[in-house]
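Please read the points below alongside the model. They cover the interface, the confidence scores and a few local features.

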Amino acid sequence: MNVNQSVPPVPSFGQPQPVYPGYHQSSYGGQSGSTAPTIPYGAYNGPVPGYQQTLPQGMSRAPPSSGAPPASTAQAPCGQAAYGQFGQGDVQNGPSSTVQMQRLPGSQPFGSPLAPVGNQPAVLQPYGPPPTSAQVTAQLSGMQISGAVAPAPPSSGLGYGPPTSLASASGSFPNSGLYGSYPQGQAPPLSQAQGHPGIQTSQRSAPSQASGFTPPASGGPRLPSMTGPLLPGQSFGGPSVSQPNHVSSPPPQALPPGTQMTGPLGPLPPMHSLQQPGYQPQQNGSFGPARGPQPNYGSPYPAAPTFGSQSGPQPLPPKRLDPDAIPSPIQVIEDDRNNRGTEPFVTGVRGQVPPLVTTNFLVKDQGNASPRYIRCTSYNIPCTSDMAKQAQVPLAAVIKPLASLPPEEASPYVVDHGESGPLRCNRCKAYMCPFMQFIEGGRRFQCCFCSCINDVPPQYFQHLDHTGKRVDAYDRPELSLGSYEFLATVDYCKNNKFPSPPAFIFMIDVSYNAIRTGLVRLLCEELKSLLDFLPREGGAEESAIRVGFVTYNKVLHFYNVKSSLAQPQMMVVSDVADMFVPLLDGFLVNVNESRAVITSLLDQIPEMFADTRETETVFVPVIQAGMEALKAAECAGKLFLFHTSLPIAEAPGKLKNRDDRKLINTDKEKTLFQPQTGAYQTLAKECVAQGCCVDLFLFPNQYVDVATLSVVPQLTGGSVYKYACFQVENDQERFLSDLRRDVQKVVGFDAVMRVRTSTGIRAVDFFGAFYMSNTTDVELAGLDGDKTVTVEFKHDDRLNEESGALLQCALLYTSCAGQRRLRIHNLALNCCTQLADLYRNCETDTLINYMAKFAYRGVLNSPVKAVRDTLITQCAQILACYRKNCASPSSAGQLILPECMKLLPVYLNCVLKSDVLQPGAEITTDDRAYVRQLVTSMDVAETNVFFYPRLLPLTKSPIESTTEPPAVRASEERLSNGDMYLLENGLNLFLWVGASVQQGVVQSLFSVSSFSQITSGLSVLPVLDNPLSKKVRGLIDSLRAQRSRYMKLIVVKQEDKLEMLFKHFLVEDKSLSGGASYVDFLCHMHKEIRQLLS
Amino acid sequence: MATYLEFIQQNEERDGVRFSWNVWPSSRLEATRMVVPLACLLTPLKERPDLPPVQYEPVLCSRPTCKAVLNPLCQVDYRAKLWACNFCFQRNQFPPAYGGISEVNQPAELMPQFSTIEYMIQRGAQSPLIFLYVVDTCLEEDDLQALKESLQMSLSLLPPDALVGLITFGRMVQVHELSCEGISKSYVFRGTKDLTAKQIQDMLGLTKPAMPMQQARPVQPQEHPFASTRFLQPVHKIDMNLTDLLGELQRDPWPVTQGKRPLRSTGVALSIAVGLLEGTFPNTGARIMLFTGGPPTQGPGMVVGDELKIPIRSWHDIEKDNARFMKKATKHYEMLANRTAANGHCIDIYACALDQTGLLEMKCCANLTGGYMVMGDSFNTSLFKQTFQRIFTKDFNGDFRMAFGATLDVKTSRELKIAGAIGPCVSLNVKGPCVSENELGVGGTSQWKICGLDPTSTFGIYFEVVNQHNAPIPQGGRGAIQFVTHYQHSSTQRRIRVTTIARNWADVQSQLRHIEAAFDQEAAAVLMARLGVFRAESEEGPDVLRWLDRQLIRLCQKFGQYNKEDPTSFRLSDSFSLYPQFMFHLRRSPFLQVFNNSPDESSYYRHHFARQDLTQSLIMIQPILYSYSFHGPPEPVLLDSSSILADRILLMDTFFQIVIYLGETIAQWCKAGYQDMPEYENFKHLLQAPLDDAQEILQARFPMPRYINTEHGGSQARFLLSKVNPSQTHNNLYAWGQETGAPILTDDVSLQVFMDHLKKLAVSSAC
């Protein structure tokens, strides 16, 4: 738990602090110092220096504080006890006692899985190995809590005792939140359980206890394990616990650098705990106490008092894990939002962990690239490869070079170095950046990447000030900012010629299927207006982009739309075996000049093919034609391909239907993801060479072999959109919306990206939609603001703690006005010699992004099962390494998670359960291939919500509130049949309606009188003039606005057939296809870790 | 009997036939000693306003190997209703329809004046004529504009129900679909890729799609029969459309960088045109009309690369074997030509450019299919415009003067065999008893296919006398030849024209005088010239000349009267007197001399030489020169430098050129403007006279000759100077002591020198 803190970001702390002051300072002050040392905590929290500090204090303080508050005291003991218990192993988080309690009563769902706990043997079932399970649970419980605590065990134990309890409660126990919920729902104060891990069991119990304990629970959260246990006793009293975990994070802030994590944690917990009492209910919403906790709690609870309560969590004998007790993504997200969403993220300091992607924050560029451009799995990387190997934490950066920025943030400045071109290091060719060191009075500079000493050209000379900085440093973006652009000289252009403005070519399938569904008509109609919105640069009045049109079925039809013609002319090319472009002049035209002809063409296309009977299509020749057209026009550009069916006509790239579900789970499964023939790769290569990016819109009625068709878009930096069984009435809005966005979005062409690093590490692997002809240059025929490239780094030498590690990502591209530019992003990272530092500065979301991409690429070459195992093993190794090297000694039965990674298991489980890695019966091969390629270029925010969907209750919050309702965890248990929920994952959007929703609500939203009259599968909400309808529709709109693709709404009724589909996205539950529930998986993970440790 | 001259003329007018010998030597051995082979010039469709076609079908000899048509030479047994074939002597029953036949009630084909008769066949579906325009778009703007106008104009000249199609080419080849409204639609092909007919048809969607499987619905049937109609539409339906389409034709839009030729895919365009017709209308009369403004520069059939710095092949290159694309290109076009011929279509080539356009390589397309070949400097000249217009002229019946898909079948009586034919035709490879083993021209067959012909198309047909010396033919015996021409009339009817001729046999020993007197030296000159030109296509120039010389010498030896070794005693009879002179001019003609002519020009000249009738051919061999002066009415004068006088106006007709040449004095008068002075109106008339005469020639001739108006000292005077016999040159300027005429600066021998040598050689016993 504590660990989590890392994240907890400063900001939040800031706030909380005020409150704490009293507590912390006094008590902690001293301790903190000491605590800091108390390794354990430190370690945990560790992540962010800043935070860490706080934490320590927290910790240290905590104790005292805890002491102070009655609860705390109670906890303290508990805490210890807890540990003790945990240590013993079995004990899960605190919950134990409580848990039991709860369970019994609650026997309810949750418990069952985990059940294993000794106490309730019966329950245990979950994981195969009963014994383990037991342990696990125990551990878990311990873990969670401990998570935070873990490190410090002994000391902490003591220290914590009190604090922990608090802490624990808070931290881990995000549960608190849960509890909260319980309270509402039921009594369950236990919140603590959540704390994490094992805890679950506890959670349940919590409820039961809740009644009694509610308060305590809160306490529990934090230090999960420790406290937990204790709590029970107290806790329950102390319910507030839930916070603990969260708390942990806050502390960090409070504390100064010195102590890292732990310290802080301590303190925080208190906070929460304090708060909890009062709040619990509220918090409920936010189950996942984990990170987030603080924020929530923080604010609400400000008052430290709660501590006591915390204890709750740990308490009980671990039977099953209480779902509320295990780390909750929701809580973590909420906490981060509250803590870090308010103040701008200033990039001046090296190695800062940015706020979560789910948090809204502003960025001030003071020398490092904004996290919108680059996010790293860790902001503190090991100095040596040995360490890196030991930790197994992948070092990767997720780069989105052309990310779009919120209006408040300025886009990168364009720097013009004149004819000589951008200033670069002579040896490694790195571009001038803020980290370059000027020496000898400014006459030379030393390259920060390769240490080469270069002369400063006379025209660039400037004097240095007393600090060795150039006097003009702040006048020059390349000397003061993390991201900026250079104007490229002709040397950076193909054939040493400045590029011509790019072109868009629309290539429309006009075979029978496309005509029948009305697609062609719809599309042509839309294009007429859409052409006015082609991307343009800056304030340009009209877009420089030229357009061209092609239709095709078995043959291709090109159109001459030269402005001087009265009528467009069609040119049919039927030599598909040897494609070429039949015309040059008049094919690519300026929209405004040829508007009349284009309009006439678009009017006529649907008519001309209205009677077509041609059902066969070609594919490769179409792209080839587009590519050739661009080649002939000597420009880069983008093809928009609208395609309906498997290309079975005789032509290069002809495909056959090879969909075979029997291959699933066999060694041959990988072939389903591989292209059928090499023709597609070859073609893609040619496209890349020409700067021809391909966006593919698919409208299949049946198998179209997305795996093969998407090869070209994939390798050229394009996008694939798929609208299965397209019908104009139902899918029009979605398609048009995607199309509009796709056409309008800013895009760069003919790009080459290169990532340079300081000596010691280097980029070794790349994931995303692009092509590489050598090992270093990422070639992108096209690159838009949604595309992400994930880069993995490996050591090839030692790094230096002092100088840190630098990344420079340089992207050479042609802007949509045809200007050749270089966009540079710089990022400085810290280096560490202590593993704890690494774990304290990790970013789980980014890690998951990397791991998902890694795994999704893996399925091309290895059996899916092997890929899954690799993921699990790697995750286990990461966590085991932490446990071994960073956590304070504790019983093996405890599951201890680094604060920063406490969500790793749940997220990883989501990845493992995803359609690609574990297909359900209803998932088609095409869908899997589609998702696979989508994920490949997703950024962190997208993978985050894609793997762990957002579930938003609609009627919980007051109707007047304009903010998004707090999310709930993606589990069926969280659904109340009296409520409605929106679920979205970036691709899908569901509105789930509980069976017993109030009639009034039904009426005001659906305009029907009862639940039974709601049409299942409805995709549009009626426009009604009442607050609820407005609010819901507004919410849906705002959700859509956040995503790069339009999400079609599907209304799902409880107990309806469609619900199966919906449940697929409740990722914390067991899935029909065999995916483990969160709790089960956590136990399993714990088992794996234990095996590694032993 | 009238003179042989009259006989010859009468035969020509009636039958369109001119024989080199009108009395035939009766033995093989003697025939070979005659030097000039027994041969004839046949104009199968010679216009016969007085010959209405009969509305029934011909009666054929029942012997399968014969199938000769009943003709006036057959012996008829009116009572038994039998007739004996005069070629194979098979006795045949008359068909029932001839039941009423009797001495006084003869069918036309038995009347002697119907030695040539035309039958109209009612059977068979009539399909409309087809005109497929294949248009080069790599032209200069005004050239293209002129061409477009010509094409648009031609639409109004076509028969309304004719099908018309359009293919344009440049770097790409576009086949325009004519049926659609709104958007104009075309199929585009890469200009560098040779496609098989099957591929072309597939790509144009002409093959019956394998759709029935998916759509066995009854909807379709109507569509398929005329899938091809998308590309070939009746003129009356789409002339507006097509006019617009032609109007919108743009120049080939692909940029041509400096120092390059535009990329022109003539080879592929033709191939597609051929494939298109092959797939849709095989064995139906169709014209592919290729309009090109430059050499093919890419793809199969390319003649020269696109680098301007490498000039197109010249005769020099060809002799040095330095024309790298020639063989391949020729092969490509030959393959196309043969396919086209097999389908019964013909290819016209209209090439207008200042430089060569690859006619050398493409000539076979026109030569083998009976298409036209027109060469000009630009489409924007009256030469092209009027020539093109003249293709669509109509005859006295209002029918187009063109016929399609003809086969010429020749039958001979036993003493003769067929050695071959020279003209715009291809062999059908029909072997038979009357086919000789010795080939002259296109031989080895008794039937030829002529895909396109007009009333002037003339073929040289060569025979061999096979009667053995020891099997004399009875006195008064006659040899017979029957020409049967099946063709598609421009009214789309199938017709058969049958010409049956007979000539007397004569024993050379006893009747040499007869044979001599019946020698047609004009026909002989043209027939020998055709042989010479035919050889020149495949042999080295000097070899052909040597061969011609030897033949001439042998002829003179055979028929001249002289004392051995005494050149001055040499005399030729009237019927041979002009022959050496024809040969002299033939040797100098562009048909055999490539000097000063590009390969394209040579091909062009030879093309026309091989299809024009006797009169025109003679003009080509020996141009006609008229002289206009105040001394009297215009008169033909010797084609000699001595005819070039200062106070004369000369009008020369070489067939390809009409030259009006003003003598020195006339030119000065002209400059002085006397023609504008009322008192010198007679001068004005004098100036006008040749113009009017030239105009007359221009009106009648196809293709339009190049019209040259020049004067003494004018650069264009070279056309005249190069043709006249150089009796005065810089070498002998004063030797002759004449004051008249103009010296020609040349080293060529003059006719006088030529004759002197000829006489010497003829009388010498050495050879």
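Buried area is the accessible area (1.4 Å probe) that two parts lose on being put together, summed over both. This is a predicted model, in which local features need pLDDT of at least 70, side-chain atom pairs count only at pLDDT 80 or more, and totals for chains, interfaces and linings use all residues. Residues are numbered from 1 along each chain as its sequence is written, chains are lettered from A and ligands numbered from 1 in the order in which they are written, and side-chain values use heavy atoms, with hydrogens and water left out.

1. Interface size. About 2300 Å² is buried between chain B and chain A. Carbon and sulfur atoms account for 53% of that area. The contact (heavy atoms within 4.5 Å) draws 30 residues from chain A and 26 residues from chain B.

2. Three salt bridges join chain B and chain A; the term covers a side-chain nitrogen of Lys or Arg within 4 Å of a carboxyl oxygen of Asp or Glu. In one salt bridge B:Arg190 meets A:Asp578, at 3.3 Å from N to O.

3. What chain B brings. Strands β10 (172–177) and β11 (184–190) of chain B each supply at least two residues of the side that touches chain A. β11(B) gives the most, with seven residues. Helices (H or I, at least four residues) and strands (E, at least two) are DSSP runs, numbered from the N terminus. The residues on this side of chain B divide into 13 nonpolar, eight polar and five charged. Here Ala, Val, Leu, Ile, Met, Phe, Trp, Tyr, Cys and Pro count as nonpolar, Asp, Glu, Lys and Arg as charged, and the others, Gly among them, as polar.

4. Strand pairing between chains. Strand β14 (residues 569–573) of chain A pairs with β11(B) in the parallel sense, over five bridges. Pairing requires at least two bridges found by DSSP between the strands. A:Val572 stands opposite B:Tyr187.

5. Confidence. The complex has an ipTM of 0.84 and a pTM of 0.78 from the predictor. Mean pLDDT (the predictor's confidence in each residue, from 0 to 100) is 89 for chain B, where 95% of residues reach 70 or more. For chain A the mean is 75, and 71% of residues reach 70 or more. Residues 1–318 of chain A have pLDDT below 50, although the model gives this stretch 1823 contacts beyond near neighbours in sequence. In chain B, pLDDT stays under 50 over residues 210–225.

6. A bridge within chain A. A:Arg595 forms a salt bridge with A:Asp532, with closest N and O atoms 2.6 Å apart. A:Arg595 lies in helix α25 (residues 595–608) and A:Asp532 in the loop between α24 (519–530) and β12 (546–552), so the pair ties together parts 63 residues apart in sequence.

7. Backbone points to check. The peptide bond from B:Phe702 to B:Pro703 is cis, with omega near -5°. B:Pro703 lies in the loop between α18 (681–700) and β29 (706–711) of chain B. B:Asn429 has a positive phi, near 55°.
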